Amino acid sequence: RPGTTPAELLRDADTAMYRAKSGGRNAAASFTAELRDISLRRVEIEVGLRPALEHGELALHFQPVLLADGSLRGFEALSRWPMAGRGMISPAEFIPVAEATGLMAPLTEWALDVGLAALAGWRRRPGLEDLGLSVNVSPVQVGDVRLEEAVTDALRRHDVPPEALTLEITESALLDADAVTRRFISRMRERGVRLSIDDFGTGFSSLAYLTRLEVHELKIDRAFVAGLPGRHGDATVIASVVGLAHQLGLTTVAEGVETDEQLSVVRRLGCDKVQGYLLGRPMPAQEVDRYLTTLEEA
């Protein structure tokens with residue numbers, strides 16, 4: 001571009017390079033105005049994320065997870081960032097920045113602390129003593145001793161039993177699980193913490209790793225649920241995953257349930273738990289309190 005300095009050209013080329021890398025091997029990308037906007041947005045997020053985390057500006061929302069019979073099983077903790085002047089920033093934007101800048105450890109420690117503190121209070125309500133919480137773990141943290149210590153400390157600090165906590169790890173992080181990953185999963189399981197494979201069905205690898213990793217649960221990716229009830233192939237995949245999971249002694253969660261028809265199908269196919277906008281959107285802790293009161297009064 002006319003008037004562009006050498007430093008700006010290098011920055012733009014660097015941005016295009018990372019876009020090409022995200023597209024896989026042997027890919028190419030040209031720098032465009034759209035990429036410039038994305039790059040500026042990323043810089044804005046990178047500059048603001050650390051102080052936002054340090055000053056307690058992030059929020060944790062909780063999405064209900066129900067058993068197939070409709071009873072409440074627990075919540076998934078989901079990070080949100082209400083950025084001043086910019087509205088709510090999606091985790092899809094700030095989580096990759098946190099991973100690239102070394103902020104995932106404090107972000108996860110914060111989520112564990114805030115989430116388990118809330119869960120401890122909810123479990124004191126009559127009939128909710130077995131309520132559980134799921135927390136997502138970034139692939140860059142799997143095997144990190146700091147994460148293990150954070151889990152142990154948060155459970156002890158809030159007096160929550162280990163079996164009430166589920167760590168969700170994406171399937172892509174486990175496809176080529178090395179010895180470090182396997183030891184991490186084994187140690188978490190020994191401590192009583194539950195482990196779930198998130199986005200199951202999106203990876204391209206042998207299913208043999210399921211027999212080597214001692215996990216408890218498979219979360220069926222929402223891409224398969226979205227096709228219900230019309231796409232027969234998606235129903236067949238879900239039925240196969242449920243059958244495989246049950247044969248291995250694992251439970252299943254159908255995520256992304258948004259219609260009554262989808263709920264009916266995943267129940268018929270044998271999914272153990274369900275989650276999605278139809279059953280409850282992610283909400284801040286104070287709304288969860290009202291949600292639980294409504295359940296008690298029903």
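Student: Which strands each supply at least two residues of the lining of the largest cavity?
Tutor: Strand 2, strand 4 (132-137), strand 5 (165-170) and strand 7 (217-220) each do. Helices (H or I, at least four residues) and strands (E, at least two) are DSSP runs, numbered from the N terminus. The model is predicted, so local features need pLDDT of at least 70 and side-chain atom pairs pLDDT 80 or more, while totals for chains, interfaces and linings use all residues. Residues are numbered from 1 along each chain as its sequence is written, and side-chain values use heavy atoms, without hydrogens and water.

Student: What counts as a cavity?
Tutor: On a 1 Å grid over the protein atoms alone, a cavity is a set of points where a 1.4 Å probe fits but cannot get out, and lining residues have an atom within 4 Å of a point.

Student: OK, how many cavities of 30 Å³ or more are there?
Tutor: The count comes to one.

Student: And how much space lies in the largest cavity?
Tutor: About 130 Å³. Grid points are joined across faces, edges and corners, and the volume is the space filled by probe spheres set on the points.

Student: Which residues are closest to its centre?
Tutor: Of the 16 residues in the lining, Val-65, Arg-73, Ser-134, Thr-166 and Lys-273 are the closest to the centre. By class, the lining has five nonpolar, five polar and six charged residues. Ala, Val, Leu, Ile, Met, Phe, Trp, Tyr, Cys and Pro count as nonpolar, Asp, Glu, Lys and Arg as charged, and the others, Gly among them, as polar.

Student: Switching to strand 1: is it mostly covered or mostly uncovered?
Tutor: Mostly covered: of the nine residues in strand 1 (residues 59-67), seven are buried. Buried means under 20% relative accessible area, exposed over 50%, partly exposed in between (1.4 Å probe, protein chains only).

Student: How many bridges join strand 1 to strand 2?
Tutor: Eight, and strand 1 runs antiparallel to strand 2 (residues 72-83). Two strands pair if DSSP finds at least two bridges between them. Ala-59 has Arg-80 as its bridge partner in strand 2. The hairpin has four residues between these strands, and Gly-70 takes a positive phi near 100° there.

Student: What about strand 9, how does strand 1 pair with that?
Tutor: Antiparallel, over two bridges, with strand 9 at residues 273-274. Leu-67 stands opposite Lys-273 there. Strand 1 also pairs with strand 10 (residues 283-284), antiparallel over two bridges, and His-61 has Pro-284 as its partner.

Student: On to helix 10. Which residues are buried?
Tutor: In helix 10 (residues 260-268) they are Gln-262, Leu-263, Val-265 and Val-266. They lie on the same side of helix 10, because they cover an arc of only 165° around the axis. The arc is that of the directions from the helix axis to the C-beta atoms.

Student: What do those pack against?
Tutor: The buried residues of helix 10 pack against helix 8 (222-226), strand 8 (251-254) and strand 9. Contact means heavy atoms within 4.5 Å. The face turned away from the buried side carries the exposed residues Asp-260 and Arg-268.

Student: Where is Asp-159 found?
Tutor: Asp-159 is in the loop between helix 5 (145-157) and strand 5. Its phi is positive, about 55°, although it is not a glycine. Asp-159 is exposed, with a relative accessible area of 69%.

Student: Last one: which residues does a cis peptide bond join?
Tutor: Leu-228 and Pro-229, with omega about -5°. Pro-229 is in the loop between helix 8 and helix 9 (232-247).

Key: On a 1 Å grid over the protein atoms alone, a cavity is a set of points where a 1.4 Å probe fits but cannot get out, and a pocket is an open set with protein on both sides within 12 Å along at least five of seven lines; lining residues have an atom within 4 Å of a point.
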